[in-house]
Amino acid sequence: MNKYTFLDLATINAPFSAEIKDALCRVADSGRYIGGPEVERLEAGMAALTGARHAIGVSNGLDALRLILRGYIELGRIQAGDEVIVPSNTYIASVLAVSDCGLVPVPVEPRRDTMNIDSRRIEEAITSRTAAIMPVHLYGRIATDDRLLDIAARHRLLVIEDAAQAIGARDEQGRAAGAIGHAAAFSFYPTKNIGAIGDAGAVTTSDPELARVVAALRNYGSDYTYHNLYQGLNCRIDPLQAAVVALKLPHTDKVNAYRRSIARIYDSEIINPLIEKPVFEQSDYCVWHQYVIKTARRDHFRNYLAENGVETLIHYPVPPHLQPCYPQLAGLSLPIAEQLARQVLSLPITACTSERDAHDICKIINRYSND
Ligand SMILES: *Cc1c(COP(=O)(O)O)cnc(C)c1O
């Protein structure tokens with residue numbers, strides 16, 4: 001039986017292996033182990049890729065979100081106890097960033113088709129304490145539609161993009177993830193479309209004040225040596241990771257185009273009526289961090305695929321409001337997020353999946369029946 005791997009990081013990094021080794025040796029020999037030219041190169045690359053005026057390399061995606069929120073608190077744009085609207089079906093990190101900063105996460109249900117926050121439901125969640133909306137470009141699809149941006153502008157809310165899954169993604173106007181809202185957080189966790197070989201992340205923004213505060217906050221709140229403007233953190237990016245990410249950044253479009261070619265095969269060849277495919281637009285703006293189908297008997301389908309050698313994952317099996325760390329959210333009625341958690345399944349879509357594998361997987365899926 002053939003085996004269809006969901007993800008193998010060594011395989012994904014193999015095309016970059018010589019360059020990665022060069023970069024690691026270069027840093028080791030340089031004597032610059034904190035900050036320095038590798039970090040600056042990564043930051044310049046992220047600014048160029050997104051079109052945002054500023055990029056700040058940081059320790060990981062969660063810290064990128066925390067630093068943005070902390071930055072706006074330091075600037076007086078958000079007050080302790082304010083509310084931040086988040087999608088109810090996001091990865092836990094989006095919500096953790098909000099609560100860690102002493103803010104109140106307010107989950108809003110997604111649309112079932114795009115699985116992104118439903119902008120038609122945002123206005124009813126706004127109160128006098130709402131300070132920001134944190135749209136998450138889930139699975140690589142832009143979540144900031146015109147209605148969301150219009151609501152934010154009318155209510156003077158900050159838009160903080162969780163772009164961890166969306167490097168290189170664009171909206172229908174061609175604006176890149178990272179340059180749509182007031183600030184954006186990226187993750188280079190190894191499984192993201194552009195991954196480090198450890199933890200890493202970045203903040204992008206065109207707001208020079210926020211950029212200045214985030215740059216200080218990541219480094220003990222220090223603006224110059226032994227001078228501390230803020231009660232900061234140590235959330236710096238490791239130059240080894242910055243060097244690895246910087247060398248991969250120029251390949252972002254190619255990496256994303258490959259994922260799209262697999263998504264296109266799934267979209268055109270999966271014809272089993274038991275399987276609900278994700279929205280597939282003709283534009284190439286979605287970067288397909290995951291290809292997520294929905295099906296009623298998900299675990300049954302998942303076992304069937306496993307028996308046929310197809311590895312899958314669930315993103316995500318438990319929504320944040322039902323996690324034990326958030327008892328204060330447990331009473332909320334969020335039936336769409338809960339239904340998605342029961343029905344979603346991610347198919348293989350990385351460089352580990354050949355086009356031929358994708359054709360095979362479609363045939364296996366089309367043979368599935370749920371009795
Ligand atoms: C991965 C991810 C994060 C967190 O990034 P880390 O680098 O793992 O801290 C945040 N939000 C979303 C949507 C993610 O997928």
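Where is the place of Trp288? Trp288 sits in the loop between helix 9 (252-269) and strand 10 (291-294), where helices (H or I, at least four residues) and strands (E, at least two) are DSSP runs numbered from the N terminus.

## Basis of the model

This is a predicted model, in which local features need pLDDT of at least 70, side-chain atom pairs count only at pLDDT 80 or more, and totals for chains, interfaces and linings use all residues. Residues are numbered from 1 along each chain as its sequence is written, and side-chain values use heavy atoms, with hydrogens and water left out.

## Backbone exceptions

Most residues other than glycine have a negative phi, and most peptide bonds are trans. Trp288, a residue other than glycine, has a positive phi near 50 degrees, and Trp288 counts as buried because its relative accessibility is 1%; buried means under 20% relative accessible area, exposed over 50%, and partly exposed in between (1.4 Å probe, protein chains only). Arg156, likewise not a glycine, has a positive phi of about 50 degrees and lies in the loop between helix 6 (146-154) and strand 5 (158-162), but Arg156 counts as exposed because its relative accessibility is 76%.

A cis peptide bond, with omega about 10 degrees, joins His315 and Tyr316, and Tyr316 is placed in the loop between helix 10 (298-307) and helix 11 (335-343).

## Helix 7 and its surroundings

In helix 7 (residues 208-217), the residues Leu210, Ala211, Val213, Val214, Ala216 and Leu217 are buried, and the buried residues of this helix pack against strand 1 (54-58), helix 4 (61-74), strand 6 (183-187), strand 7 (201-205) and strand 8 (222-224). Asp207 caps the N-terminal end of helix 7, with a side-chain oxygen 2.9 Å from the backbone nitrogen of Glu209; a polar contact is a pair of N or O atoms within 3.5 Å, and within protein one must be able to donate a hydrogen and the other to accept it, while residues adjacent in sequence count only if both atoms are side-chain atoms.

Helix 4 and helix 7 pack at an angle of about 115 degrees, with their axes 9 Å apart; axes are lines fitted to C-alpha atoms, for helices over the stretch in contact, and angles run from 0 to 180 degrees between N-to-C directions. In this pair, Leu67, Ile68, Arg70, Gly71, Tyr72 and Glu74 of helix 4 meet Leu210, Val213, Val214 and Leu217 of helix 7, contact meaning heavy atoms within 4.5 Å.
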